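Me: I'm new to this one and would like to understand the words used for it. Could you walk me through a few of them?

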Amino acid sequence: MPCYRFEGLTPVIHPTAYVHPTAVLIGDVIVGPGVYVAPLASLRGDYGRLILEEGANLQDHCMMHGYCEMDTIVHAHGHIGHGAILHGCVVGRNALVGMNSVIMDGAVIGEDSIVAAMSFVRAGFQGEPRQLLMGSPARVKRAVTDEELHWKGLNTQEYQALARRCQTSLQPCEPLTEPEAGRPRLQGVTQVQPSAAQTR
């Protein structure tokens, strides 16, 4: 993968984490145990420190960046959807940031919270546990339900399993010219369905 030391700081990747070869890691980046980092993610630790804690995932086209003396953190089991931007913020334990959302400097997303897709969380927002945030700018709509939290947990488990699956089975190859007869289908771990919060 493109991995660059910057001003003496080398990215750190735990041996049980999976970082796709097309993700880019620069400088002060710390990737914890069981983390999944998807294709084309950018972790640019050339100002502040970037931390992905145990069991977190950062999906395709996500970007993490921050300012000097500021840590951008996704706490344990945090779940960052495709195309999200995290800038100088903190995502609490077991929280979910939906696809194409933006979380700005100094914002804190509370643990077990959900930021709906395409939301914009303003700089300095201080969240509390189990909040559902929606909109641009994002506002607290209500508490996260037990059903939504259960769904979120199943999705996060899928990505934790995917980190292990990729370590053992992902390999470069040449494409086929046509599908083989009886081509099998991939099977997930939990077969989860989208949450209502993600479809609104």
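This is a predicted model: local features need pLDDT of at least 70, side-chain atom pairs count only at pLDDT 80 or more; totals for chains, interfaces and linings use all residues.

Me: Where is His77 found, and what is its phi near?

Reply: His77 sits in the loop between β9 (72–74) and β10 (79–80). Its phi is near 65°, a positive value in a residue other than glycine. Most residues other than glycine have a negative phi.

Me: What makes Leu40 partly exposed?

Reply: Leu40 has a relative accessible area of 46%. The exposed class needs over 50% and the buried class under 20%, so Leu40 is partly exposed. Leu40 also has a positive phi, about 70°, although it is not a glycine. Its place is in the loop between β5 (36–37) and β6 (42–52).

Me: Which peptide bond is cis, with omega near 5°?

Reply: That is the bond from Ser136 to Pro137. Pro137 lies in the loop between β18 (131–135) and β19 (138–143). Most peptide bonds are trans.

Me: How do you know which residues in the lining of the second largest pocket are charged?

Reply: The lining is made up of Leu176, Glu180, Arg183, Pro184, Arg185 and Leu186. Glu and Arg count as charged, while Leu and Pro count as nonpolar. The lining therefore divides into three nonpolar, no polar and three charged residues. About 170 Å³ of space lies in this pocket.

Terms used. Residues are numbered from 1 along each chain as its sequence is written. Side-chain values use heavy atoms; hydrogens and water are left out. Helices (H or I, at least four residues) and strands (E, at least two) are DSSP runs, numbered from the N terminus. Buried means under 20% relative accessible area, exposed over 50%, partly exposed in between (1.4 Å probe, protein chains only). On a 1 Å grid over the protein atoms alone, a cavity is a set of points where a 1.4 Å probe fits but cannot get out, and a pocket is an open set with protein on both sides within 12 Å along at least five of seven lines; lining residues have an atom within 4 Å of a point. Grid points are joined across faces, edges and corners, and a volume is the space filled by probe spheres set on the points.
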